[in-house]
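Hi,

Here is the structure I said I'd pass along. Have a look at it first, and then read on for what turned up when I went through it.

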Amino acid sequence: MKPVINLDEKIGKMVGSRGAPDPLKASPNTIADAEEWSRVFPTLRGTRPGVYRFHSHEEADEWLMKHLTRTRTS
């Protein structure tokens with residue numbers, strides 16, 4: 001048996017009124033989280049932007065591990 005849905009009927013009760021968060025707004029918690037991540041993982045910003053070409057996936061993985069695990073010198 002299919003349920004009967006009346007589209008003309010008004011909804012009598014709405015539970016909750018929370019809206020979606022604004023994705024472009026940086027809250028203090030988001031800023032604090034970003035600062036904490038950069039403190040814990042300082043080498044994520046240590047790689048220079050650009051295109052890197054490798055002969056194999058193994059060479060790319062080796063380069064990535066070398067640059068992610070190095071300590072920041074500057």
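Val 40 is partly exposed, because its relative accessible area of 41% falls between the 20% and 50% cut-offs. It sits in helix 1, which covers residues 28–40. Val 40 also belongs to a nonpolar surface patch, together with Trp 37 and Phe 41. Between them, these three residues have about 330 Å² of accessible area. Do keep in mind that this is a predicted model.

Which residue does Arg 39 form a salt bridge with? The partner is Glu 36, and the closest N and O atoms are 2.6 Å apart. That is inside the 4 Å limit, so the pair counts as a salt bridge. Both Arg 39 and Glu 36 lie in helix 1, three residues apart, or about one turn of the helix.

Now the rings. Searching the whole structure turns up one aromatic pair. It is made by Phe 54 and Trp 63, with 5.7 Å from centre to centre and 50 degrees between the planes.

Finally, the overall picture. How many helices and strands does the protein have? The secondary structure comes to two helices and zero strands. Of the 74 residues in the protein, buried ones make up 3%. The protein exposes about 8000 Å², and 57% of that is supplied by carbon and sulfur atoms.

If you open it up, I'd start with the stretch around Val 40, given that helix 1 holds that residue as well as both Arg 39 and Glu 36.

Cheers

Conventions
Residues are numbered from 1 along each chain as its sequence is written. This is a predicted model: local features need pLDDT of at least 70, side-chain atom pairs count only at pLDDT 80 or more; totals for chains, interfaces and linings use all residues. Side-chain values use heavy atoms; hydrogens and water are left out. Patches are made of residues with over 30% relative accessible area and no salt bridge: like charges are joined within 9 Å, nonpolar side chains (Val, Leu, Ile, Met, Phe, Trp, Tyr) within 5 Å. Accessible areas come from the Shrake-Rupley method with a 1.4 Å probe; for residues, only the protein chains shown count as cover. A salt bridge is a side-chain nitrogen of Lys or Arg within 4 Å of a carboxyl oxygen of Asp or Glu. Helices (H or I, at least four residues) and strands (E, at least two) are DSSP runs, numbered from the N terminus. Buried means under 20% relative accessible area, exposed over 50%, partly exposed in between (1.4 Å probe, protein chains only). Rings of Phe, Tyr and Trp (its six-membered ring) pair if their centres lie within 6.5 Å; planes under 30 degrees apart count as stacked, over 60 as edge-to-face and the rest as tilted.
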